[in-house]
Amino acid sequence: MALLKHLFFSFTIFIISFVFCYGSLQEDPLTSIYVHHSPSVDDGGTLFKNFNKQSANVLSLNRFEKRGSLKKVNVNDYGAKRNGDTDDSEAFKKAWDEVCDSGEAILVVPKDNYLLKPIRFSGPCKPNIEVQISGTLEAADDPSDYDEDSRHWLVFEKIKNLYVYGGGTLDGNGKVWWENSCKKNKKRPCKDAPTALTFDRCEDLTVENLNIENAQQIHVSFQDSENVKVSGLNVNAPEDSPNTDGIHVTKTKNIQISDSVIGTGDDCISIVHGSKNVEATNITCGPGHGISIGSLGAGKSKDVVSGIKVNGAKIFGTKNGVRIKTWQGGSGSASDIKFQNIEMSNVTNPIIINQNYCDKKKRPCQKAGSEKSAVEIKNVVYENISGTSASDVAVKFDCSEKFPCQKIKLQNIDLACEGGDDAEALCNNVDKLSYIGHVKPRCSKE
């Protein structure tokens, strides 16, 4: 009897231990990460960043595991000819309707060639939809195909929790628009051309691993959207292609752009009115016009941007490096901006603020000091920026006399002329300009 009691007691202890261990193993992984890696008050946020990274990895794993259960809707099954010559727009529309209406589905574009006229992939849709682009989408190059909407080729609009990826190529086939641009042919009137890929009024959007090339005008635009993650984009067009911005951000909040290579005929990244909390990391830019905030305040408009960070970029052979550009006569503000950890090579204007931009062809520029308003520029930090300038002036702050730039900080700056000579810094109308660490060149007028 004593032996039986001993065996019963041992078995009970074993069962209790098993249940406890099993419960620990089944603990929510996000909760587990938070408990064991809670950031201390004075750790500088490092552990919190690690927590975010691990959380993102868990979410990515969950997405990958769930993908196997999603219904695959193949555009080829809806009549796509996939020869690159026949219009496949209707097949794409039918496949999209199926994905959007059913939810829990992937729109699959295989490794074939597809010719497409302008299409709107519209929501709202049922939850959990993805678009997997492995093939090549080529834009129709007949301008008459864009009569109903001359500003867009492919548009995703009013969709929540959309994931677009796949390693495929979107070719805007923009040559016909470039040749008819007023910048190429002065005799022609200036007209807008289509944006190749637009995300409009989307929430919780992820776009990654795509090639976007030869856009009619802007390559990819994020507008009126929120909580956006963009990574692994390769964007390219000839250096002389007009107005072919790489990534354009407007009226969008909480967007992260990372690990992307951009070379076009205009801004690599342009950030304009209504954008807040924009972060760009590990960006390669060139050729083009650099990374720009603006233009802002055109047509005497009130434009506001804030919370912009560019952290980690290689910029080469561009007209500008990091630029803030505002029009004379505008209003609003550009504030809380940080450019850091940037390498420049043969850049004409590595660091530039132009608060007095105007188009002399449309109207005469205002005389300095006569402006009644301006887009205010304040709280801007330039940190750890080095490399070479293609011009004698590596740092240029051309600010408004009546509304000067405020609180500009230069920290650890090392810029020289391409040939090795010392570069210059020109600073007009900067209030509270400060230096930290090694800064070269420094402004001769402060």
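Biologist: For accessibility I'm taking buried as under 20% relative accessible area, exposed as over 50% and partly exposed as in between, with a 1.4 Å probe and protein chains only. What kind of model is this?
Modeller: This is a predicted model, in which local features need pLDDT of at least 70, side-chain atom pairs count only at pLDDT 80 or more, and totals for chains, interfaces and linings use all residues. Residues are numbered from 1 along each chain as its sequence is written, and side-chain values use heavy atoms, with hydrogens and water left out.

Biologist: How many disulfides in the whole structure?
Modeller: Five. A disulfide here is a pair of cysteine sulfur atoms within 2.5 Å.

Biologist: Which residue does Cys-100 pair with?
Modeller: Cys-125, with an S to S distance of 2.1 Å. The link is left-handed, at -100° about the S-S bond. Cys-100 sits in helix H4 (residues 89-102), and Cys-125 is in the loop between strand E5 (119-122) and strand E6 (129-133). The two cysteines are 25 residues apart, so this pair links distant parts of the chain. Helices (H or I, at least four residues) and strands (E, at least two) are DSSP runs, numbered from the N terminus.

Biologist: Is Cys-100 buried or exposed?
Modeller: Cys-100 is buried because its relative accessible area is 6%.

Biologist: What about Cys-182, which cysteine does that one join?
Modeller: Cys-190, with the sulfur atoms 1.9 Å apart. That link is right-handed, with 100° about the S-S bond. Cys-182 counts as buried because its relative accessibility is 16%, whereas Cys-190 counts as exposed at 63%.

Biologist: And why is the Cys-268 and Cys-285 disulfide called right-handed or left-handed?
Modeller: Right-handed, because the torsion about its S-S bond is about 85°. Cys-268 lies in the loop between strand E16 (253-263) and strand E17 (269-271), and Cys-285 is in strand E18 (residues 276-285). They are 17 residues apart in the chain, and their sulfur atoms are 2.1 Å apart. Both Cys-268 and Cys-285 are buried.

Biologist: Switching to charges. How many salt bridges?
Modeller: The structure holds 13. The criterion is a side-chain nitrogen of Lys or Arg within 4 Å of a carboxyl oxygen of Asp or Glu.

Biologist: What does Lys-93 pair with?
Modeller: Glu-90, at 3.4 Å from N to O. Lys-93 counts as partly exposed at 34% relative accessibility, and Glu-90 counts as partly exposed at 46%.

Biologist: Which partner does Lys-184 have?
Modeller: Asp-240, with N to O at 2.9 Å. That pair links distant parts of the chain, 56 residues apart. Asp-240 is in the loop between strand E14 (226-236) and strand E15 (247-250), and Lys-184 is in the loop between helix H5 (175-179) and strand E11 (195-200). Lys-184 is partly exposed, with 41% relative accessible area.

Biologist: Which residues form a salt-bridge network?
Modeller: Arg-120, Asp-149, Glu-157, Asp-200 and Arg-201 are linked in one. Within that network, Asp-200 and Arg-201 form a salt bridge with their closest N and O atoms 3.0 Å apart. Asp-200 is buried at 8% relative accessible area, while Arg-201 is partly exposed at 41%.
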